[in-house]
Amino acid sequence: MFIKRIFTWWNGATFGALLTIAQRGRYVGEDDFGSKYYEAKTIRDGDAGRRRRWVIYKGYAEPSKVPAEWHGWLHHTFVEPPTVAPLKVRAFETEHLPNLTGTRFAWRPRGSLTRGGHRPAATGDYEAWKPE
Amino acid sequence: MPIAKVNGVEIEFEPGMTVLQVAELAGEEIPRFCYHERLSIAGNCRMCLVEVKPGPPKPQASCALPAADKQEIFTNTPMVKKAREGVMEFLLINHPLDCPICDQGGECDLQDEAMGYGRDDSRYVENKRAVEEKFMGPLIKTTMTRCIQCTRCVRFATEIAGVSDLGLIGRGEDAEITTYLEQAVASELSGNLADICPVGALTHKPWAFNYRPWELKKTESVDVMDALGSAIRVDARGPEVMRILPRVNEAINEEWLADKSRYAVDGLMRQRLDRPYVRVGGKLVEATWAQAFAAVAGKIKATAPDRIGVIAGDLSAAEEMKAALDLFTALGVKSIDCRQDGSALHPKWGRESYLFNSTIQGIEDADAIMLIGTNPRIEAPLVNARIRKRWIRGDVLVGVVGEQADLTFPYTYLGAGVDSLKRFVDHGPIQKEKPIFILGAGAFARPDGAAILAMAAEAAGSMGLVKDGWNGFNVLHTAASRVGGLDMGFVPAEGGKTALQMVEKGGADVLFLLGADEIDLGQTDAFVIYMGSHGDAGAHRADVVLPGAAYTEKPGLYVNTEGRTQMAERAIFPKGEAKEDWTILRALSDELGARLPYDTIEQLRDKLITDHPTFGQIDYAPGHASAAAFDLMAVGEKGETTDAPFVSPVKDFYLTNPIARASRTMAECSSLHAGASKMAAE
Ligand code: SF4
Ligand code: FES
């Protein structure tokens with residue numbers, strides 16, 4: 001586990017990131033998936049004139065796990081974090097779902113071999129002869 | 001020769017040429033819509049305007065203006081450009097702006113010329129005129145609003161196709177192209193209408209909205225639907241042949257193509273044999289190649305060679321026939337035949353005895369034509385078109401012995417059968433320079449065919465058809481594979497049986513069919529192995545089915561009725577597990593322990609050409625080259641004849657082979673045609 005933390009960046013944040021965030025960051029909040037969000041206390045050169053914002057994922061580092069309200073804040077679209085100014089949740093909105101590509105639940109088109117291989121007719125298909 | 005100046009460059013030309021032709025000769029391209037090299041000149045689109053000196057100081061339609069000696073022709077002056085721009089603007093007043101949904105888009109003359117002469121905007125606010133759609137049958141789709149009244153279609157129908165179904169009615173804004181009675185165009189060449197229409201008014205109905213011309217892969221190939229071997233271009237997208245268009249080949253099809261050759265393409269996607277089948281317990285079940293080969297090899301090994309029969313069908317390429325011939329001859333099989341129609345033609349009487357010796361182009365030189373037991377209109381529509389072309393020029397005798405069919409030109413009817421032919425046996429030389437016989441399968445594909453062949457040859461001899469520099473003894477085949485088969489000797493060896501004898505009850509114990517579907521398999525009790533591309537009569541009866549490739553899916557040599565060897569190319573790959581036919585035979589030869597000595601198609605062709613040199617002469621038709629060595633008296637076998645009339649073996653033009661029978665378009669044409677002829681009979 002420890003070895004993995006040293007040599008990979010996708011099993012949680014790297015030590016460098018943790019160090020920087022601990023030094024410069026201020027805790028802002030946490031989302032439904034348990035990922036924690038931080039904002040820099042100061043603006044330094046190279047920060048494009050705004051406070052840097054960070055996320056530390058809980059578990060596997062996967063950007064599509066960031067829900068919409070935090071995504072907006074993280075990318076400086078919203079000034080206030082959702083803890084201060086929560087987004088209005090409308091009736092038609094569904095739960096945030098991370099990208100499922102590469103998982104067992106990934107989308108497979110009809111016609112994919114893992115879904116039976118039956119696809120609708122397309123141009124270039126031929127009709128095979130069948131006896132009787 | 002007269003000399004004219006085109007844009008200041010002097011050029012010599014033949015007297016009688018038009019200004020447009022002279023300009024073309026000088027390399028100047030003249031835009032045109034109504035002018036077509038092979039049609040009469042109408043001169044009604046005015047797109048070909050040029051300036052000529054001496055002459056009135058106004059632009060002149062170059063296509064209809066005879067060129068004169070010392071004339072100065074200008075094709076690029078500001079006046080010419082302005083005049084053409086004016087014509088283009090007039091044409092576009094009423095032309096819809098529907099290129100995005102028009103099938104002609106991308107290959108439209110109007111689009112192309114508009115690039116050079118079109119304005120970038122319109123000065124008209126009036127409504128465009130609209131013209132009602134016309135019904136022209138299952139092959140031609142009309143969008144008459146797009147028509148620019150060039151009348152190419154009318155001229156094609158009356159001049160080349162010989163049907164008066166199309167016409168232009170009305171004047172000015174009310175002018176319309178119509179079929180008068182909302183009937184299908186009753187011609188086997190109707191597809192060419194869509195080709196010559198410069199805009200999208202006439203397009204191909206079966207292919208409507210299916211492709212754009214630029215997304216197709218073009219492969220130049222050879223047609224196999226009749227024995228002419230017309231030059232075609234196979235346009236494919238991915239694994240599907242989308243369309244087939246003619247290529248120019250002056251010697252065979254000029255630039256036309258028969259409807260079957262063109263529209264049977266949807267048959268290539270239906271009824272396909274895509275995996276081997278083996279009959280188990282009375283039912284055909286799917287098998288692997290290994291199982292199928294085991295079944296075939298077991299059966300062939302267990303059967304005495306003289307109980308094995310091999311029959312080649314109508315669409316076989318020379319390669320697979322050669323492979324089959326080599327393989328089965330090595331096994332000692334004698335009953336080998338490529339004449340599934342039971343014709344009497346045989347290579348032992350010389351190559352000239354089964355070729356179209358005058359060549360198809362030679363029809364244009366002929367001055368007396370006798371059709372014997374053939375209806376070229378349905379057996380080879382383009383030969384019929386040539387005869388019609390010759391007839392239009394006048395001063396030609398056309399006689400028919402056989403069916404009294406509508407051939408699109410008048411002829412002298414000489415009788416129905418053998419008796420009428422017999423009259424010519426001692427007719428004596430006729431007072432014509434270049435007389436020809438065209439002998440059809442109706443005459444020689446019958447039990448007394450050899451005797452009739454002898455009789456026809458005798459008549460030809462007596463009438464002086466074969467002389468120095470001319471050989472007028474012509475055989476018109478109906479199958480693309482036949483001449484190739486005869487050339488390589490794909491006929492029964494000494495003591496072997498003919499195709500018809502093989503399929504009799506007890507005629508053979510094992511029958512190997514190379515795509516032979518037109519032979520009646522009702523009687524035979526043999527173990528039938530069918531190798532072919534389509535599930536048709538042969539596959540239904542078969543005990544083992546070996547899936548092969550259709551003609552668009554394999555490279556192959558085909559010899560046309562003139563004896564012209566032509567090379568067809570592969571446009572797409574065979575379907576499913578199917579293989580190129582000769583490779584199947586090569587693999588089978590391994591199983592049978594009689595390995596064929598070639599691994600690539602080049603090696604196979606090498607062997608073919610070494611054994612039969614005529615296959616090496618690509619695109620060469622012997623014509624009258626060997627007329628001196630041709631002994632007419634040796635052709636055929638004298639014998640008893642019956643007085644049954646000659647009937648063409650082609651009952652239905654649209655359904656002559658497994659590909660056409662699998663095609664929906666052809667089925668529709670056939671039923672429409674049957675209905676129409678029934679109506680005409682009533
Ligand atoms: S339909 Fe086509 S070929 Fe016929 S007159 Fe109109 S534009 Fe010309
Ligand atoms: S091409 Fe000359 S008038 Fe049409």
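User: Which residues are the closest to ligand 1?
Analyst: Keep in mind that this is a predicted model. Here, 13 residues surround ligand 1, and by class this shell has 10 nonpolar, 2 polar and 1 charged residues. The closest are Cys147(B), Cys150(B), Cys153(B), Cys197(B) and Ala201(B).

User: How do H8(B) and H18(B) sit: roughly parallel or roughly perpendicular?
Analyst: Let's look at the axes of helix H8 (residues 318-330) and helix H18 (residues 601-611) of chain B: they come within 10 Å and cross at roughly 75°. Angles of 65 to 115 degrees count as roughly perpendicular. That makes H8(B) and H18(B) roughly perpendicular.

User: Which residues of H18(B) meet H8(B)?
Analyst: By class, this contact has 5 nonpolar, no polar and 3 charged residues. From H8(B) come Ala318(B), Glu319(B), Lys322(B) and Ala323(B), and they meet Ile601(B), Leu604(B), Arg605(B) and Leu608(B).

User: Which strands stand at the edges of the open sheet in chain B?
Analyst: The order of this 5-stranded sheet is E19-E18-E17-E20-E23, with parallel pairing. An edge strand here has a single partner, so one side of it is left without a neighbour in the sheet. That picks out E19 (412-415) and E23 (473-476) of chain B.

User: And what angle does the direction of H13(B) make with that of E20(B)?
Analyst: Helix H13 (residues 449-463) of chain B packs on the sheet, touching E17, E20 and E23. Its direction and that of E20(B) make an angle of about 175°.

User: How many residues does chain B bring to the contact with chain A?
Analyst: The side of chain B that touches chain A divides into 6 nonpolar, 5 polar and 5 charged residues. Chain A brings 7 residues, while the number from chain B is 16.

Notes: Residues numbered from 1 in each chain as written. Chains lettered and ligands numbered in written order. Predicted model: local features only at pLDDT ≥ 70, side-chain atom pairs only at ≥ 80, totals over all residues. Contact = placed C-beta atoms within 7 Å. Nonpolar A, V, L, I, M, F, W, Y, C, P; charged D, E, K, R; others polar. Axes fitted to C-alpha atoms, helices over the stretch in contact; angles between N-to-C directions. Helix = DSSP H or I, 4+ residues; strand = E, 2+ residues; numbered from the N terminus. Parallel < 35°, antiparallel > 145°, perpendicular 65-115°, else oblique. Near = placed C-beta within 6 Å. Pairing = 2+ DSSP bridges.
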